[in-house]
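Please find my notes on this structure below, as numbered points.

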Amino acid sequence: GYNLFIIKFEELCIEISPNNILNDDNFIYPIRKEIGINLTKTELHFNDIFGGFRSGIENQFSVLGSKFKRFNN
């Protein structure tokens, strides 16, 4: 999931540019549910807000992408 990708991404960034060190504070991702353990109200709220924020960003990229399609035709 996200955690494994982020760890690998951080390692690659250090290889490419040792002076620009990234850590987990540079990334935000949804809280994953553990098997058999429900998320708390705070965790559910965070995921809801994060999902809405992410959806808004993806929508803006979609609008931007459609503008480029129009210019390419």
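1. Helices (H or I, at least four residues) and strands (E, at least two) are taken as DSSP runs, numbered from the N terminus. The model is predicted: local features need pLDDT of at least 70, side-chain atom pairs count only at pLDDT 80 or more, and totals for chains, interfaces and linings use all residues. Residues are numbered from 1 along each chain as its sequence is written, and side-chain values use heavy atoms, with hydrogens and water left out.

2. The chain has 2 helices and 0 strands. Of its 73 residues, 8% count as buried (under 20% relative accessible area; exposed is over 50% and partly exposed in between, with a 1.4 Å probe and protein chains only). Among contacts (heavy atoms within 4.5 Å) between residues at least 6 apart in sequence, 17% join residues at least 24 apart.

3. Ile31 lies in the loop between helix H1 (2-16) and H2. Leaving aside residues up to four places away in sequence, Ile31 touches Leu39, Glu43, Phe46 and Asn47. The C-alpha atoms of Ile31 and Asn47 are separated by 6.5 Å, although these residues are 16 apart along the chain. With a relative accessible area of 30%, Ile31 is partly exposed.

4. Rings of Phe, Tyr and Trp (its six-membered ring) pair if their centres lie within 6.5 Å; planes under 30 degrees apart count as stacked, over 60 as edge-to-face and the rest as tilted. The count by this rule is 1 aromatic pair. The ring centres of Phe46 and Phe50 are 6.1 Å apart and their planes are at 15°, so the pair is stacked. These residues are 4 apart in helix H2 (residues 41-72), which means a separation of about one helical turn. Phe46 is partly exposed at 33% relative accessibility, whereas Phe50 is buried at 14%.

5. How many salt bridges does a search of the whole structure find? The search finds 1, the criterion being a side-chain nitrogen of Lys or Arg within 4 Å of a carboxyl oxygen of Asp or Glu. Glu58 forms a salt bridge with Arg54, and their closest N and O atoms are 3.0 Å apart. Both residues lie in helix H2, 4 residues apart, about one turn of the helix. Glu58 is partly exposed at 45% relative accessibility, and Arg54 is partly exposed at 35%.
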